[in-house]
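Try each task before reading its solution.

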Amino acid sequence: MWLVFRKELMELLRDRKTLFFMIAMPILLFPLIIGVVGFFTSKAMDEAQSKVLKYSIVGAQYAPQIADALRESDDFKLIETTADEELVAAIRAETLDFALRIPDNYAKPLLEGGQAKVELVLNDAGLNMIQQRLNKIIDEEIARKRKQAFSELGLADLQQDALLEPVVIDKQDVADKRENWGEKVGGLVPYILFILCLQGAMYPATDMGAGEKERGTLETLLISPIERHHLVLGKFFTIALAGVTSALITVASMAIWGLVLGQGMAITFVSEFMASIGAIDFVLMFLMLIPIAAIFASLLLSLSVYARSFKEAQSYMGAVVFVVIMPIILATLPGVDLDGGWAWVPITNVALAIKELIKGTMDYYALIAIFASTVAIAGAFIAFSIFWFNREKVLFR
Amino acid sequence: MIEINGLAKKFAVANPKKLSEQEKKDPRLKGRFFHSVEDVSFSCEAGQVLGLLGPNGAGKTTTLRMLSTAIKPSAGSLMVKGVDVLANPIQARRKLGFLSGSTGLYGRLSGRENISYFGRLHGVSEDDIGKRIDELADLLDMHSFLDRRCEGYSTGMKQKVSIARAVIHQPEAVILDEPTTGLDIMATQTVLNFIRSLKKQGIPVIFSTHHLDEVDELCDSVTVIDKGRTRFNGSLADFKGLSTGSMHESFMATLTEQGAH
């Protein structure tokens, strides 16, 4: 069996195409995607943040504080427009970024004039930071107006706070940071891991079953005095190893490049989060790849052995991706937890387990169900491969 | 020695509508089964070379594949060096060296690696594999390309490596399915010389071919198969004696004579 394994592995490692998909692509492509997306987003954000905004103001006389603050700021530039009706057209034509309409009651004190409704006219489609930047000025105005009203009413500080927020809810979450974030990212991690694992196993699986038929090496292999199950297991382990390796390389590459590129505030959060997970759960998380790789490798191998040609095998593999996504999506649905029946559903149970491990709420007894159901499924597929290898049809169909 | 008696093989026809007109006319199509081989018998003694002749689709390859244990016959018996192939397929595989007509090599491995892989599968020790490959490289003239990857090989190089692979475990009987098809004159000569060297070692060789000159040059006995049945079984001299003219005429005579029955 290890004889077959060694030879298949050697052949796999000599294949540039496989190596490219398994190693080079995750190492180079992911950082490239992250880098390019990151670069353009941050560039667009910078631009929106630092761009000098052209504005116009109607009823400036009612709010001299706003008008002054805008005029004094380097970030804003006043464009004089004569008529109120032209504002919309000017914004559409991009000669203006935004316009403010100040109502006449703005000038009066709060208790007298009531709520002031300032209209902000802008084109809000696409990325812009207009409101955020205006808020700095408006917030000052709100504070000023409040203070004025409170002092007019003669309210003490205590009364002021109570009036502003009569009831405050102080949330005390028993879920720690880890559980909280685990629930959020826990669904995504298995999704990425599984798809990568499947992708990594796919090409070698096609090559070792259908490819062997197409090259005409299978007949010679089948008449050599090796037991069929040794042959199948040797191939199975190679495919599983390829899947796990590919997933691990990609994850490692994403982690490293993510750390390199995402320096700054994100890094402390990520490292804190990682540190809270703990070594055992972390190792268990990656051990979870073993049942997954076993299911994928046995499934892909049996399809590949069944297929008449490389092409036929590849079209089966395409369908597998959709079949595999289903149980992963199931695991992300609310209410689906790793207890009772779900612990026995293959693939879904591993996805759930990874989520639980990230959250730190893993029930370790569920591992029994996970491994039992995996062994059953993988065993069935391997048995099918062996059965098929024993039939003449494997050569002539 | 190899002995084949009353061998038959039928394949289930999956979709009768897909059969060509010619296949439908073939008398071997009976109901839902196509009787590819109906009744084939021949034997090959130690140190003998047997040439297996017959038109395309006659059942030569199916017969040889049954002998190689790749497929199981529906009836008949196969003996190789006293081993019943049907009862002990794994033991028979150890005694047989088989070159399939549609064989291939692992392109990303070198010729040497291809040969040693099958040597290991046959349980040959590393030392013996090394020695044996050197020997075979001399015999088959493979030194110049043995350590290059197979994907760049010519047809002749591939065939030589495939032959070496088939005999790496020093089989007691050798079966070659069209070993010279598609080869140039020099490569063909190398292969024929190789068969001759097997004969000298007292190893029975069965090979199928379409080249009658090869039969004339090498064979001790000839078997002709047509439409799944043995049409002629005998020594080379008997075969030649079937007609006064060339061997081609003898060959045609075996087909028409039996066809008239």
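Predicted model: local features only at pLDDT ≥ 70, side-chain atom pairs only at ≥ 80, totals over all residues.

**Exercise 1. Confidence**

Task: Find which helix of chain A has the lowest confidence and which has the highest.

Solution: 
- Start with the whole chain. Chain A averages a pLDDT of 85. Of its residues, 95% score at least 70.
- Now go helix by helix. The lowest mean, 66, belongs to helix H13 (residues 265-277) of chain A.
- The highest, 92, belongs to H15(A).

**Exercise 2. A helix pair in chain A**

Task: Decide how helix H15 (residues 289-306) and helix H16 (residues 310-332) of chain A are oriented, and describe their contact.

Solution: 
- Read the angle. H15(A) and H16(A) pack at about 150°. Their axes are 9 Å apart.
- Apply the cut-off. Angles over 145 degrees count as roughly antiparallel, so H15(A) and H16(A) are roughly antiparallel to each other.
- Check the hand. H15(A) passes H16(A) in a right-handed crossing.
- List the residues. From H15(A) come Leu299(A), Leu300(A), Leu303(A) and Ser304(A). They meet Ala313(A), Tyr316(A), Met317(A) and Val320(A) in H16(A).
- Sort them by class. This contact has 7 nonpolar residues, 1 polar and no charged.

**Exercise 3. A helix pair in chain B**

Solution: 
- The crossing of H6(B) and H7(B) is left-handed.
- H6(B) gives Gly156(B), Gln159(B), Lys160(B) and Ile163(B). They meet Ala187(B), Thr190(B), Val191(B) and Phe194(B) in H7(B).
- By class, the contact of H6(B) with H7(B) has 4 nonpolar, 3 polar and 1 charged.

**Exercise 4. Where the chains touch**

Task: Count the residues in contact between chain A and chain B, then say which element of chain A gives the largest share of its side.

Solution: 
- Count both sides. 17 residues of chain A contact 22 residues of chain B.
- Find the elements. Helix H1 (2-13) and helix H11 (217-222) of chain A each give two or more residues.
- Pick the largest share. H11(A) gives 4 residues.
- Classify the side of chain A. It has 6 nonpolar, 4 polar and 7 charged residues.

Technical notes: Residues numbered from 1 in each chain as written. Chains lettered and ligands numbered in written order. Contact = placed C-beta atoms within 7 Å. Nonpolar A, V, L, I, M, F, W, Y, C, P; charged D, E, K, R; others polar. Axes fitted to C-alpha atoms, helices over the stretch in contact; angles between N-to-C directions. Parallel < 35°, antiparallel > 145°, perpendicular 65-115°, else oblique. Left-handed = near helix turned anticlockwise from the far one by under 90°. pLDDT = per-residue confidence, 0-100.
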